Structure formats: structure tokens, C-alpha cells
Amino acid sequence: MNRKRIDRLTAGLVFLWALGLYLATVAPTVSFWDPGERIASVYTLQVMHPPGAPFYLLLGRLFSMLAPSQETVALAVNLISVLSSAGTVLLAHLIIVRLVRRWQGERSTLNTGQYMISLASGIVGAVAFSVSDSFWFNAGIAEVYALSTFFTALVVWLVLRWSDAARAEEAQRGGSRQPFQLNANRYLVLIAFLFGIAIGIHLLSLLAFFFVAFIVFFTEFDREHWTTRQRWLRIVGAGAVASGLFFAIYPGVIVGLPSLFESIGAPFITATVLALVLAYGVYTTHKRRMPMANLAFMCVTVIFIGYASYALVFVRSATDPPIDMNDPDTIEKFISYLEREQYGDTPLLQGVSFNDETGRVSRRDGETTLFPRRHSVDPQHWNVYERYDSDLEFFLDYQVGYMYVRYFLWNFSGRASDVQGAPWMTGIPGFDQHVTNTQSLETPSEKESRNVYFALPLLLGLFGAFYHFGRDWRRAFSVFVLFFITGIGIIIYLNQTPMQPRERHYSYVGSFFAFSLWIGIGAGGLMQMAYESVRDSLSGMARLAPALGTGLLLFLAVPGWMTLQNYGDHDRSENYVPRDYAYNLLTSVEENGILFTNGDNDTYPLWYLQTVEGVRQDVRVVNLSLLNTKWYVRQLKNEAAYASDPLPISLPEDQIDQLGYRRWKPKQMKLPVDTDALRPELEAYLPDSADASALESPMTWELRGRPFRQDTRILQTADVVTYNMLRTNARNGWDRPLYFAVTVARSGQLNLSNYFQLEGQAYRVLPIRHDQPLGRVIPGLTDKRLSNFRFTNLSDSTVYYNQNARRMVDGYRLHYAHTAEQLGRKGHSDTAEQLLNTFTESVPFSTIPADMQTLFFTARAYQGLGETDRVASLLADAEPLVLNRLRSASGRRQFSRALQYAGRVRTSYLKANQMDAVEAFDQKINQVLANAPFRVPARIRNAYGLASDTTSEPPQMPAMPQPNRGAPSQQPSPSSPPN
């Protein structure tokens with residue numbers, strides 16, 4: 001078999017490995033965060049959040065058309081990431097082989113040992129990258145990052161191929177030519193076209209431009225007679241030119257072209273003239289034999305052709321689809337869409353920053369600073385900023401250390417858990433002192449999320465970087481530029497604020513891709529050293545044994561071990577939590593209802609289910625985060641969506657224009673209630689007509705507003721519009737049922753909790769006052785909604801559920817326990833027990849762990865039903881949580897709060913007459929108290945009944961904190977960028 005065929009066969013096997021791996025672990029349906037919006041937008045070509053991804057939309061639409069049913073559309077779109085990820089792994093292998101052979105020599109001239117080493121290098125590096133944490137995270141969901149990384153890898157491979165073809169062509173010509181006088185330049189035109197297409201996927205792909213620029217520089221302009229000083233001055237100059245060209249593309253082309261259309265005022269004529277100018281330039285430079293100018297015109301032309309996919313956004317927005325982010329149907333709004341103006345300006349090199357003396361960020365004082373890093377005007381961020389002495393410290397410690405280096409080490413050293421903020425770890429004793437709370441990993445999912453690689457990928461990659469610089473410093477420097485720009489460069493550009501709603505590691509996959517190239521080169525370097533060590537002492541095939549043995553050992557120790565560690569927590573194949581959550585939330589709502597949601601996780605899966613699978617299209621989902629924007633208010637007011645009419649918003653256009661934050665003083669609010677008209681409707685709706693007899697007219701409550709800072713309170717735009725909808729709907733006779741999802745934060749509920757009626761996973765606003773913090777429970781209604789919920793595979797402990805899914809599912813327990821408790825109090829104990837038992841069987845604690853609040857609520861519900869054995873079992877589950885919180889408490893306040901929960905455990909044991917358990921628990925608590933990091937006064941011990949005397953009842957505990965209603969489905973506010 002010839003070597004060319006062996007190369008192809010090896011590359012094919014690498015591709016099949018990656019394809020099989022990702023097909024086995026792909027998500028079968030929608031996932032949390034952005035995929036719900038992506039799939040819904042793809043299915044009917046709608047407008048996603050800025051700056052959009054029109055080429056991804058077109059490609060996704062093609063895949064969705066191949067789906068055999070609506071239920072498989074999500075899987076079909078997920079396969080885009082599967083195929084592009086497998087293609088990226090293939091390209092990583094080809095790139096590593098090409099880089100290694102750059103110093104080895106031509107394929108035909110290599111001896112068998114060197115040839116095998118180059119192939120093995122590609123296998124180790126590519127497979128290691130295929131199973132790396134962040135890349136695998138993107139490989140099975142409907143997101144743009146996998147496809148974006150594929151374009152990055154494709155551009156890197158093409159420019160390396162161009163470089164080799166240019167060298168070969170120059171050798172044929174005897175080394176005498178002018179720059180860019182090559183037939184191989186067609187690769188550069190193709191690369192420019194790919195950059196144009198990549199604009200319509202994700203702008204991260206454009207960062208490969210700098211790698212391309214340096215490869216071109218070293219191929220076309222580098223000269224051997226230059227001194228070191230001359231060479232580095234020219235390298236710096238090449239970097240400056242590359243930066244200029246990059247900014248000519250972004251924002252020059254991307255934003256500049258629509259701006260040109262707007263300034264001239266005739267988009268079609270302007271586009272036609274521009275096309276004619278480019279065509280004339282291409283033709284003239286070709287006829288006059290001007291190779292560099294011709295290449296430039298060709299590249300600009302194909303970039304514009306690729307960029308033309310953005311016409312889709314403009315055209316589709318003009319049709320007013322249900323998902324129409326920013327409504328970019330005019331040139332002016334389209335420019336705003338591209339520039340992401342909704343998320344505000346982020347200073348880069350100069351701007352306002354946190355003032356350590358005043359403790360705030362003010363844009364009014366006019367003071368600016370260079371390289372501002374602490375720039376957010378959000379007072380919540382100021383509490384974080386004050387922990388740092390300077391912008392530089394914040395940049396190095398938080399932005400670089402926490403938001404990049406931590407992710408980098410997750411991928412190549414190890415990760416402590418999947419909990420947000422989890423540190424890196426190695427698994428090597430003595431190196432992981434910064435990792436705490438190891439005892440908290442109790443359930444299979446939590447244990448699966450701990451992945452340790454003993455830092456072997458990190459060490460191999462660092463060795464590969466040094467080895468690469470020693471063998472071929474020019475391409476090693478180019479890889480370093482790619483590694484830096486797609487890592488630290490993004491950090492500098494994004495200038496991220498603290499308190500991010502989710503981990504952002506997926507954004508830096510390009511950097512991890514570059515480092516994985518060095519993992520393969522490092523493996524090749526070690527194999528080469530093993531090969532050379534016996535080259536003179538052995539002959540024949542025996543000479544290959546040490547090198548192949550080294551390669552096999554490296555494969556098992558790095559990509560092999562990474563596969564075993566990462567497979568469990570990257571397998572999404574049985575995870576239906578997001579789809580079920582969306583279904584359960586939508587079916588909680590009465591016909592023609594209005595449902596207020598909080599953010600990504602309780603909105604995007606609902607959009608998917610309504611758009612693609614056609615579930616409950618009569619429900620209008622209102623995202624409270626987006627409701628802070630004027631364009632969204634106008635859409636809700638003026639446009640229907642599926643089977644839902646426009647919403648009852650009575651604000652005139654001029655008032656919508658003036659919407660914004662406003663100061664607020666708490667005051668009484670009133671809504672009109674026509675009891676004679678509403679009571680018959682409710683009597684027909686509620687199982688017990690007596691529930692409708694308590695109608696309040698008018699409905700009166702105190703609207704306190706949101707705490708802002710110090711004694712100031714505010715109303716956001718969303719609050720004003722929500723109240724307007726409530727009032728307009730009330731004036732219309734309460735004709736549309738209005739709900740808040742249970743995931744909506746208390747600050748977004750307009751202080752209406754005393755008028756909430758719990759119906760499944762949603763609170764209906766009705767003018768019936770009560771004092772239940774989790775909503776009024778209606779026998780025959782609330783329990784019926786809950787009994788119809790779906791919990792696919794949640795009883796299967798072999799399925800991995802990440803922290804986000806665990807928190808979302810754990811939130812169900814609050815409302816099931818509350819419903820069961822209230823049903824028991826109203827004389828429906830059998831129904832309550834059946835509801836609670838069925839739920840705990842469907843969602844066992846062994847699969848989805850509970851926090852202390854949900855444990856206590858469930859225990860209290862069983863206590864009310866007289867199920868003392870179940871109470872004792874739940875308290876046994878609560879013990880390790882309480883003890884862990886006590887041990888990890890960093891201050892007296894945290895310790896005191898943990899003692900409150902400890903007191904509740906003990907009180908519940910006493911009520912259940914579990915005296916042996918009380919005694920054992922007291923011993924554990926007293927041991928913790930004895931080892932507390934600070935002195936615990938005797939009065940604190942006695943106040944919570946945790947002394948050795950177990951015969952007395954502890955005093956009444958303070959009220960339990962307001963429960964967290966499900967996981968916070970956080971979405972950045974309109975003033976901060978999305979995922």
C-alpha cells in the first residue's frame with residue numbers, strides 16, 4: 001500500500017472515531033441555554049439574537065428538512081455540530097501531520113520510522129482534542145461553536161497546504177519570482193471566501209486570520225539574510241498590517257457596508273455599483289498582470305459573497321416572524337443589530353473605570369483611564385470590584401486567571417466538578433489544596449463531573465510547544481499567535497464583567513485547539529527521541545519498537561485516559577430534561593394564557609416546543625429580560641405569534657419610546673375587578689366553586705420596586721410593561737389568564753405573590769388574596785397539572801445530569817411538596833400521598849440531589865401526612881449537606897445559618913421520635929463545633945439545641961428563607977452580551 005493511501009486511511013479512521021464518539025453522545029432533543037432558540041429559528045428561518053448567524057440558519061434549515069418528523073428536528077440540527085466536530089478532529093490530525101513533516105521532509109523521502117511518527121503524532125493530538133472538555137461540550141448540541149471551530153481548523157489547514165504548495169512551486173521555478181505570483185494562490189482566495197461565510201456563523205472564526213497572516217509572511221516575505229533584529233521588526237510590522245486588515249474586515253466590512261448603504265440611501269443601487277467596481281478591479285488587474293492587486297480584489301470579492309448570507313436577516317425580519325430579535329428590518333436597525341448595541345458599549349483601551357475612593361463607576365464625571373477593566377455601572381458588580389486594588393489586578397486575577405486559565409486547566413489538567421465556579425485540579429496528591437468540598441460529590445452525576453488527567457495533557461502540550469519552537473520556530477510562532485489571540489485576545493476584547501450567569505469555556509475552544517496541536521507534536525517529539533536513541537543499536541523493524549511503544553503509552557495515558565474520564569459527563573444521549581421542562585411549563589397554563597418567563601432556560605426550550613413540535617401555540621411566552629427593550633414591547637403589542645393574539649399593552653408609541661429605568665417609592669396599586677363577570681368564569685374553571693367566592697375588588701397590593709443601592713428603589717422597563725399588561729387585562733375583564741413561571745425571580749414578580757395560584761410550574765395571577773409563599777393550591781387543579789408532568793429518564797441513575805439540569809429538576813420538589821402539604825391540610829391526604837410518592841419515584845434523590853431547602857420542604861410534607869419513616873430517611877439525606885455546610889462555612893454568618901438547618905434536622909428527628917438518630921446527630925455536630933475555625937460561644941450551641949443533652953426540645957427556629965423556585969434560568973440583561 002502506498003503512503004498516500006495510508007495517510008488517507010489513517011485520517012479516515014480518526015474521523016470515524018470522532019464521528020462515532022459524537023453520535024453516541026449527541027443530545028436527542030433540545031438542550032438548555034441557546035439551542036432552543038437556534039433550533040426554533042432554524043426551523044422557520046427566524047431572526048436569532050445579535051449579531052445573528054444567517055449561514056448557520058440556512059445550513060440548519062437544510063438539516064431540519066431531512067428530519068423524518070417534527071420530534072427529530074432537534075436531533076437533525078444537533079447533527080450539524082456532530083459532523084463539524086468530527087471534521088475538525090480530522091483537520092487537527094492533518095494539521096499536526098503537516099506541521100511535523102515540515103521539519104521531517106517530504107513524505108516520499110521519510111524512512112519508515114519518521115513516517116510512522118508523523119502519523120502517530122496526528123492521532124494522539126487529534127484524539128486528545130476530540131475528547132477535551134470544552135470541545136466535546138459543543139459537539140452534540142445545536143450551537144454555532146462547533147461549526148465555527150471547524151472553519152477555524154479548515155482555514156489553518158488550507159493555509160499550511162498553500163504554504164507547502166507555494167514552496168514546491170517556487171522550487172520548480174528555480175526560486176525566482178515576485179510575491180504571490182503562484183497558481184497556489186487559489187487557496188488564499190478560498191480562505192477569504194471561508195472568512196466571508198464564517199461571518200455568518202460566529203466572529204470567532206475570523207481570529208484565524210492572524211495565523212494566516214503570519215504563515216503568509218514567513219512564506220512570501222521572510223529572508224534568510226535578515227538579522228534577528230531586522231526579522232523581529234518585520235514580524236511586528238506584519239502583525240500591525242494583519243491587525244489593520246483584520247479591522248478592515250471587522251468592523252470595516254461587516255458594519256461598514258450597511259453603513260454605506262444607509263448613508264447613500266439606495267441599497268440596491270449601491271450594492272450594484274459595488275459589485276461592478278469589484279468585477280472591474282478583478283478583470284483589470286488580471287489583464288494587466290498585477291498579481292498582488294488581483295489577489296486582493298479576488299479576496300475582497302469572495303468575502304462580500306460570503307457575507308451576503310446576512311441578507312437573510314434583513315429579509316426575514318421584514319416578515320415579522322415570532323422570533324425577531326431586535327427587529328432589524330431597516331438599515332438603521334440592522335446596523336444596530338450587527339453592532340450589538342442592545343448590550344451596551346464595552347470599553348477596550350480607554351474609558352471609565354471603578355473609582356476606589358467613591359466605590360462606584362460613574363460616566364458623568366468625565367474621568368477616563370487607560371485599559372479600563374472594572375467598567376460596569378451595575379452596583380452588584382461594584383461589590384466585586386472593590387475586592388481588587390486596580391484594574392490590572394482585576395484583569396490578571398479574574399479576567400485572565402478565573403475566566404481563561406481556569407478553563408484552560410479544566411481541559412488539560414482536570415476539573416473538580418461541574419458546579420459553576422469549580423476549580424481546576426490534577427488528581428495528584430499535594431497539588432490540589434485549592435480544591436475543597438470534595439465530600440459533597442454524592443450522586444452518580446456529581447461524581448461523573450470530576451475529571452482528573454494528572455496534568456499529563458498539559459505537560460505533553462508544553463513539551464510539544466518547546467519542541468516545536470526548537471524544530472520550526474516560524475510555524476510554532478504562528479501556532480502561538482493562534483493560541484494567544486483565541487484565548488487571551490478574546491479576554492482583552494470581551495472585557496468581561498463579574499457574576500457571569502454561566503461558565504464561558506466554550507468561547508475559547510480555538511485556543512484549546514491550538515494547544516492540542518502541540519500535544520500531538522509533543523507526542524511526536526518523544527517518539528522521535530525514543531527512535532533516535534536506538535537508531536544505531538538496532539536494525540530493521542526492531543528500531544521502531546521503542547517509538548511505537550512510546551506512542552502507545554502516550555495514547556493510553558493522554559487521550560485514552562481523557563476519554564474514560566470525560567465520557568460520562570459529556571454523554572447527553574438520554575437527557576430529556578430541557579424538553580420535558582418546557583412541556584411541563586407550557587401545559588401548566590390555561591388556554592390562551594400569557595406566561596412571563598425569566599431568561600434562557602425557561603424561554604428558549606418553550607420557543608422550540610411551540611415552533612417545531614407545535615405544542616401549546618396558544619400560549620404567549622413573554623421573556624422578562626427582553627421586555628426591557630422597546631422593540632420587544634412593540635412586537636408583543638402589535639404582532640400575533642402562532643395562535644396567540646397581540647398582548648394587552650395599552651402604552652402609546654410615544655410612551656414606549658420613553659421607557660427606561662425609573663426611581664420608585666413603594667405605594668399601593670389597584671386593579672379593577674368585575675366580580676359579577678369574573679366569578680361565574682372562575683366557578684366553571686375551579687373544581688370547588690367556593691374558591692371563587694373570595695374575589696377581591698379592587699385588587700390592592702403594595703408595589704415596592706426593586707432595591708437598587710442604599711435606600712433607592714427602581715422599576716425596570718419590564719416592570720412597567722408587566723404592570724400595564726396586568727392593568728389592561730383587568731380592564732378587559734381578566735379575559736386572558738396571566739402567569740409567572742415559578743423560575744421568575746421575586747424581584748420580577750411585582751410583589752404579587754399573595755395573589756398567586758399555583759398551577760403546575762406557573763403562578764396564575766387572580767384577585768384572591770392568601771398568605772401561601774408558594775402559591776394557593778387548588779385540589780383537583782394544582783395536583784392534576786402536576787400529575788401530568790413528564791420526567792423522562794430521571795429515575796435512571798446511570799444518566800448524567802449537569803448542575804444546571806439538577807437544579808432545574810430539584811426545583812420541582814418545592815412545588816410538589818407544597819402541593820402535597822396543602823392538599824393534606826385540606827383533607828385530601830390520599831391524593832397528596834399518591835402525588836408525592838409518584839414524584840419521588842420518578843425523581844429519586846439518589847439521581848437528582850436535593851439542597852437543604854427542598855429536603856426540608858419534602859420532609860415537612862411527609863411529616864404532615866404522618867409518614868415518619870420517610871421523614872427519617874430524608875433527614876438522613878440532609879445530614880451530610882448540613883455537616884458539609886458547617887465544615888465549609890467561612891464566617892460566623894454562614895456558620896450560624898448552617899446551624900439553623902442543623903437545628904431543623906434535630907427538631908424533625910425529635911418530632912419523628914427518632915431518639916437514636918438525635919444522639920448520633922448531636923455527636924457529629926459537637927465534633928464539628930469542636931473543630932470550628934473560630935470560637936463558637938456556648939450560647940450559640942445551646943440556642944440550637946445541639947449540646948449533648950438530647951431530652952429537651954430546641955427553641956423555635958427562625959423562619960426558613962424564601963425558597964429558590966427552581967434553578968435561576970439566567971439570561972444576561974439587555975445591557976450585557978449573550979452567550
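A salt bridge here is a side-chain nitrogen of Lys or Arg within 4 Å of a carboxyl oxygen of Asp or Glu. Arg107 and Asp7 meet that test, with 2.7 Å from N to O. Arg107 sits in the loop between H4 and H5 and Asp7 in helix H1 (residues 3-25), so this contact ties together parts that are 100 residues apart in sequence. The model is predicted.

**Salt bridges**

- The count comes to 32 salt bridges.
- Asp34 and Arg38 are both buried.
- Arg813 and Asp810 form another salt bridge, at 2.7 Å from N to O.
- Helix H29 (residues 803-825) holds both Arg813 and Asp810, three residues apart, or about one turn of the helix.
- Arg813 and Asp810 are both buried.
- A network of salt bridges links Asp222, Glu224, Arg231 and Arg474.

**The loop between H4 and H5**

- Ser108 lies in the loop between helix H4 (73-104) and helix H5 (112-130).
- Arg107 lies in the loop between H4 and H5 as well.
- Ser108 is exposed, with a relative accessible area of 67%.
- The C-alpha atoms of Ser108 and Gly366 are separated by 66 Å. Along the chain, these two residues are 258 residues apart.

**Surface patches**

- Negative charge gathers in a surface patch made of Glu262, Glu332, Glu339, Glu341 and Asp345.
- Glu341, one of that patch, is placed in the loop between helix H14 (331-338) and strand E1 (350-351).
- Glu341 has 44% relative accessibility and counts as partly exposed.
- A nonpolar patch on the surface is formed by Phe454, Leu456, Leu459, Leu462 and Phe466. Together these residues have about 490 Å² of accessible area.
- Leu459, one of the nonpolar patch, belongs to helix H18 (residues 456-471).
- Leu459 counts as exposed, at 51% relative accessibility. The cut-off for this class is over 50%.

**The sheet E7-E11-E10**

- Three strands make an open sheet in the order E7-E11-E10, with antiparallel pairing.
- Strand E7 (662-663) and strand E10 (706-709) stand at the edges. Each has a single partner strand, so one side of each is left without a neighbour in the sheet.
- Two bridges join E7 to strand E11 (residues 712-715) in the antiparallel sense.
- Arg663 has Ile714 in E11 as its bridge partner, and Arg662 stands opposite Leu715 in E11.
- Three bridges join E10 to E11, again antiparallel.
- Arg709 faces Thr712 in E11.
- E10 and E11 form a hairpin with two residues between them. In the turn, Gln710 has a positive phi of about 55°.

**Cis peptide bonds and positive phi**

- Most residues other than glycine have a negative phi, and most peptide bonds are trans. The cases below depart from this pattern.
- Tyr250 and Pro251 are joined by a cis peptide bond, with omega about 10°.
- Pro251 lies within helix H10 (residues 228-264).
- The peptide bond from Ser697 to Pro698 is also cis, with omega near -5°.
- Pro698 is placed in the loop between helix H26 (675-685) and strand E9 (699-703).
- Asn592 is not a glycine, yet has a positive phi of about 65°.
- The loop between helix H22 (577-586) and strand E5 (594-597) contains Asn592.
- Asn592 is partly exposed, with a relative accessible area of 24%.
- Asn751, also a residue other than glycine, has a positive phi near 60°.
- Asn751 is found in the loop between strand E12 (738-741) and strand E13 (756-759).

Technical notes. Residues numbered from 1 in each chain as written. Predicted model: local features only at pLDDT ≥ 70, side-chain atom pairs only at ≥ 80, totals over all residues. Heavy atoms only, no water. Patch = residues over 30% accessible without salt bridge, like charges linked within 9 Å, V, L, I, M, F, W, Y side chains within 5 Å. Areas by Shrake-Rupley, 256 points an atom, 1.4 Å probe, with all protein chains shown as cover. Lys, Arg positive; Asp, Glu negative; His and termini not counted. Charge placed at Lys NZ, Arg CZ, Asp CG, Glu CD. Helix = DSSP H or I, 4+ residues; strand = E, 2+ residues; numbered from the N terminus. Buried < 20%, exposed > 50% of the residue type's maximum accessible area, 1.4 Å probe, protein only. Pairing = 2+ DSSP bridges.
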